[in-house]
Amino acid sequence: MKRSEASQALTGFVDAYNAADKAYDPALDKGRVAGALGAINQAGLRSNSVTSPGGNPQHRDLVLQDPHFSIPKKAGWPRWFVADAAPAGQQRTGADQVRWIMAFVRESPDSGWKAAYLTSMTAAAIPRFATDADGYAVPAGGKAGTLAVPPARLSADYAEYLRTGSPDEFAPGPHTDQWRAQRAKSAKQTASTMQYIDQPLKNGEFTPLALATKDGGAFVFFATRYYQRQTTAAGYSPQVPKDVVPLMQGTAHTKFTKEWVSSQAAEVPASGKVSIVSRLEGVTGATGS
């Protein structure tokens with residue numbers, strides 16, 4: 001694919017995103033999002049369409065400037081690429097400038113480009129992606145044997161790590177040991193218990209996407225799903241947040257379960273531990289009983 005096609009895909013996403021956010025109408029950008037970002041975006045818009053039926057009174061158009069594109073050379077389908085661009089209106093410049101890094105996927109010749117993953121990083125923190133002799137980005141295969149952890153395994157390993165603390169392949173940080181500690185603390189509440197159930201998301205639109213970096217590692221987008229279940233003691237009922245009510249099935253008498261989709265960006269070295277550099281998550285459903 002050409003960079004002009006990637007640029008059109010980014011523009012199409014931004015236009016649809018702005019229309020959907022302004023009206024709080026998930027139908028307006030449904031055709032431009034997929035995977036983890038799509039699940040989070042669509043659930044948020046469905047909720048907001050109920051809690052604020054007149055639209056978003058605080059909407060400001062998203063404008064992305066100075067886009068860069070990393071496009072793998074790939075025959076067949078699906079195809080994908082990574083774009084990074086700077087949201088307009090920020091005060092930071094140079095190395096401190098915050099940029100959005102987005103992965104776009106296209107499943108077939110008959111489908112359009114959709115944004116599946118999103119994270120934000122400062123310009124200085126964005127890895128330097130490897131390129132081939134023709135200037136194309138180099139994908140890091142899902143089963144790459146040159147990496148500390150194959151990208152295809154990250155979702156399942158991360159879900160297991162959050163549950164048990166093993167495998168010991170993740171570097172300490174806010175999305176690993178600190179996240180586990182925060183969960184453990186939240187489990188001990190007055191008159192209630194909190195449980196977490198983590199599951200991998202690794203197929204179809206949720207397939208991990210990885211680009212090789214010049215240092216021999218890879219930058220990987222991957223997704224997981226988890227359930228946050230609150231059970232209250234007799235005489236108490238869970239408090240359901242206002243923005244979750246539109247996504248709710250059943251009534252939370254003593255049990256309240258939120259379903260989350262979580263999108264991670266990770267730096268995987270050739271050897272050593274994986275660093276989870278960001279986590280974007282959102283409630284996509286809820287049940288009560």
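Axes here are lines fitted to C-alpha atoms, for helices over the stretch in contact, and angles run from 0 to 180 degrees between N-to-C directions. Helices (H or I, at least four residues) and strands (E, at least two) are DSSP runs, numbered from the N terminus. This is a predicted model, where local features need pLDDT of at least 70, side-chain atom pairs count only at pLDDT 80 or more, and totals for chains, interfaces and linings use all residues. Residues are numbered from 1 along each chain as its sequence is written, and side-chain values use heavy atoms, with hydrogens and water left out.

Start with helix 3, residues 154–164, and helix 4, residues 177–186: they pack at about 45°, with their axes 9 Å apart. Helix 3 is therefore oblique to helix 4 (under 35 degrees counts as roughly parallel, over 145 as roughly antiparallel, 65 to 115 as roughly perpendicular, the rest as oblique). On the helix 3 side, Tyr158, Tyr161, Leu162, Arg163 and Thr164 meet Asp177, Trp179, Arg180 and Arg183 of helix 4; contact means heavy atoms within 4.5 Å.

Four strands form an open sheet in the order 1-2-3-4, with antiparallel pairing; two strands pair if DSSP finds at least two bridges between them. At the edges are strand 1 (64–70) and strand 4 (114–122), each pairing on one side only. From one strand to the next, the twist averages 25°. Helix 1 (residues 3–23) packs on this sheet and touches strand 1, strand 2, strand 3 and strand 4, its direction making about 135° with that of strand 1. Helix 2 (residues 35–51) lies across strand 3 and strand 4, at about 90° to strand 4.
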